[in-house]
Amino acid sequence: MPTLPREQAEGERPEPVRPHQVRQVAESFGTDAQRYDQARPGYPEDLVARIVAGSPGPDVLDVGCGTGIAARRFQAAGCAVLGVEPDARMAGFARARGLEVEVATFEAWEPAGRTFDAVVAAQSWHWVDPVAGAVKAAEVLRPRGRLAIFGHVFEPPAEVAEPFAAACRRVAPDSPFAGQPARRPLETYQAGYAKIADTVRETGRFGEPEQWRFDWERSYTRDQWLDLLPTTGGLTRLDSGRLAEILGAVGDAIDALGGRFTMHYTTLATTAVRTGTP
């Protein structure tokens, strides 16, 4: 996410805007909820099983549940899941698929005395105020309940990433992708999850956070990848003309690879257990 300046005194260094402060982007994913649900990848079964096994019971709160991609995995594992989602369009899609969802940001959501065995955030915690979110998670978790924050590292091969980055810089210089390198090392993402662990630790309400990692692969055809790209935060608000130009450049790059490529995914998680009494 690029840094956006606020009004500041002369000579003062501008403060970066955190993703959770850019609400127009955070709440733009419901533009095409069906595409989002079909195109976005799921989550490793080993991750879900480990969270379930490490929680004291089956009641799960899914923060920023979107269309329910992660929630359905937890339901399949025998959990009772409640979703919290700020985008009413995404929430409506998830409800139609059998998930109970309440529309609100996590920070503003009212638990009304309810508590849970696990609080999970799948590819969504960067849209939550990290300090307020960690405190609220502690408040709604039962003793020994587990907080699990996780997401994917999206780094396609350089042959796909470079044309995408160049097209973003040319066509959409104000896009969050335009100010980023074509590919970032895994250590960049790991550092982000380490910062999440620091914030969780600072609440004083959790045991020592753990860092989990799951590596896996998925093959994408040209059409499959071009279906996924418009669901990413930097592109959800682009007009059709600029989006088509970016997708055209990426499509040409995939064609040059024979029409498909293999994505090497890493799913990272920061997780910690709630200590003490309610």
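Helices (H or I, at least four residues) and strands (E, at least two) are DSSP runs, numbered from the N terminus. The model described here is predicted: local features need pLDDT of at least 70, side-chain atom pairs count only at pLDDT 80 or more, and totals for chains, interfaces and linings use all residues. Residues are numbered from 1 along each chain as its sequence is written, and side-chain values use heavy atoms, with hydrogens and water left out.

The description may begin with the sheet. Seven strands form an open sheet in the order β3-β2-β1-β4-β5-β7-β6, and their pairing is mixed; two strands pair if DSSP finds at least two bridges between them. From one strand to the next, the twist averages 20 degrees. Within this sheet, strand β5 (residues 141-153) pairs with strand β7 (residues 260-273) in the antiparallel sense over eight bridges. Phe150 stands opposite Ala269 in β7.

Helices lie against this sheet. Helix α3 (residues 45-53) packs on it, touching β4 (116-122), β5, β6 and β7, and the direction of α3 makes about 150 degrees with that of β6. Such angles run from 0 to 180 degrees between N-to-C directions, and the axes are lines fitted to C-alpha atoms, for helices over the stretch in contact. Helix α5 (residues 88-96) lies across β2 (80-85) and β3, running at about 165 degrees to β3.

Helix α4 (residues 69-76) contributes Ile69, Ala70, Ala71 and Phe74 as buried residues. Here buried means under 20% relative accessible area, exposed over 50%, and partly exposed in between (1.4 Å probe, protein chains only). The buried residues of α4 pack against α2 (33-39), α3, β1 (59-63), β2, β4 and β5; contact means heavy atoms within 4.5 Å. Just after α4, Gly78 takes a positive phi of about 95 degrees.

Two helices also pack against each other. Two packed helices are described by the angle between their axes and the distance between the axes. For helix α7 (residues 158-171) and helix α10 (residues 240-256), the angle is about 160 degrees and the axes are 9 Å apart. That makes α7 roughly antiparallel to α10; angles under 35 degrees count as roughly parallel, over 145 as roughly antiparallel, 65 to 115 as roughly perpendicular and the rest as oblique. On the side of α7, the contact is made by Glu159, Val160, Pro163, Phe164, Ala167, Cys168, Arg170 and Val171, and on the side of α10 by Arg242, Glu245, Ile246, Ala249, Val250, Ala253 and Ile254. These residues divide into eleven nonpolar, no polar and four charged, where Ala, Val, Leu, Ile, Met, Phe, Trp, Tyr, Cys and Pro count as nonpolar, Asp, Glu, Lys and Arg as charged, and the others, Gly among them, as polar.

Some single residues complete the account. Ala112, in the loop between β3 and β4, has a positive phi of about 55 degrees although it is not a glycine. Ala112 is exposed, with a relative accessible area of 59%. Arg144, in strand β5, likewise has a positive phi, near 75 degrees, in a residue other than glycine, and at 55% relative accessibility Arg144 counts as exposed. Thr199 belongs to helix α8 (residues 186-202) and counts as buried at 17% relative accessibility. Leaving aside its neighbours within four places in sequence, Thr199 is in contact with Pro130, Val131 and Ala134.
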